[in-house]
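I opened the notebook to go through one model, taking a helix pair, a ligand shell and some backbone angles in turn.

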Amino acid sequence: MSKPVAIVTGAGTGIGQAAAMMFADRGYDVIGVDLSDEALHWASARGIATVVGDVSEEPTSERMVAAALDTFGRLDTVVLNAGIARRSEWEADDVMETFDQIMAVNVRGVVAGIRHAAPAMAARGGGSIVATASTSGLRGDPQRFAYNASKAAVINICRAAALDWGHAGVRVNAMGPGPTMTPILQGGRVTPEHLDELRRNIPLQRLGRPEEQAEVIYFLGSPASSFVTGAVFMCDGGITANAGIFAPTSIPLSEVHH
Ligand SMILES: NC(=O)c1ccc[n+]([C@@H]2O[C@H](COP(=O)([O-])OP(=O)(O)OC[C@H]3O[C@@H](n4cnc5c(N)ncnc54)[C@H](O)[C@@H]3O)[C@@H](O)[C@H]2O)c1
């Protein structure tokens with residue numbers, strides 16, 4: 001029997017790269033999608049198939065699904081992970097353009113991905129779609145309303161798509177990373193002080209690793225989660241367990257009882 005096939009968008013770095021590696025290491029044929037050949041160099045070097053394209057442009061989704069069917073003859077899992085996380089400040093001159101860009105990549109990209117992957121999977125008896133949302137899809141962040149809007153949209157699009165495609169055996173789930181050490185976090189204007197502040201607000205007192213996000217993506221994308229659809233699975237060190245009134249304690253347990 002042929003291997004199962006997974007597409008991963010935003011596979012160039014970070015969470016997408018970790019997920020693409022994990023599916024490949026666990027017996028899947030993988031197609032990595034990203035903006036450039038350069039970004040996907042690591043994948044080609046490992047013999048992973050690649051599609052270069054911008055997920056905000058619908059033909060990219062069409063091409064990646066066609067690549068799976070033409071190259072491998074099947075499609076089991078699609079990880080819609082490509083995303084951008086720019087700041088949006090209400091009074092910035094270019095805030096409307098920033099809003100449009102974030103919505104185009106983070107939301108339009110997911111819609112186009114589902115639109116092309118779900119029918120292809122349905123025609124072959126089903127499959128699993130996983131979209132990378134964020135803790136930012138459940139709450140607001142300062143100066144990031146556009147990112148907040150985009151990730152909330154991803155969550156509800158997955159819920160609605162789960163209803164529309166369940167009858168055909170296509171599962172659609174969202175997963176929500178908390179702060180994770182990837183270029184998206186390191187590349188922005190994130191200072192060491194900001195990273196420390198982030199850590200203090202995470203009950204587990206540390207940032208996530210891309211591989212920890214990939215484990216959740218792998219679970220949702222594989223048959224291990226065969227009765228899970230329309231779910232939002234957070235992988236955030238406990239951030240969203242907090243009602244937000246008090247910061248989680250960072251006092252070592254040994255000291256708490258003295
Ligand atoms: N790292 C975090 O702390 C964190 C937290 C919550 C959610 N997320 C989400 O996880 C996902 C992956 O984030 P990451 O941290 O790995 O980011 P990253 O910036 O490290 O990697 C994102 C990848 O997506 C690619 N990409 C960007 N725009 C694209 C487009 N239009 N078309 C195709 N590819 C595109 C980039 O080239 C890059 O390789 C994103 O959706 C992000 O919003 C990340």
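The entries below follow that order.

I noted that the model is predicted, so that local features need pLDDT of at least 70 and side-chain atom pairs count only at pLDDT 80 or more, while totals for chains, interfaces and linings use all residues. Residues are numbered from 1 along each chain as its sequence is written.

Helix pair. I looked up helix α4 (residues 95-122) and helix α5 (residues 145-165), which pack at an angle of about 15° with their axes 9 Å apart; helices here are DSSP runs of H or I with at least four residues, and strands are runs of E with at least two. Axes are lines fitted to C-alpha atoms over the stretch in contact, and angles run from 0 to 180 degrees between N-to-C directions.

Ligand shell. I found 28 residues around the ligand, of which G10, G12, G14, G83 and T182 come nearest; a residue is near if its C-beta atom, placed from the backbone, lies within 6 Å. Both α1 (14-25) and α6 (183-186) supply at least two residues each to this shell.

Backbone angles. Most residues other than glycine have a negative phi. I noted that Q143, in the loop between β5 (127-132) and α5, has a positive phi near 55°. Q143 counts as exposed because it has 12 C-beta neighbours inside 10 Å, the cut-off being 12 or fewer. Q205, in the loop between α7 (192-200) and α8 (210-221), also has a positive phi, of about 65°.

Note on methods: Buried ≥ 20, exposed ≤ 12 C-beta atoms within 10 Å, placed from the backbone.
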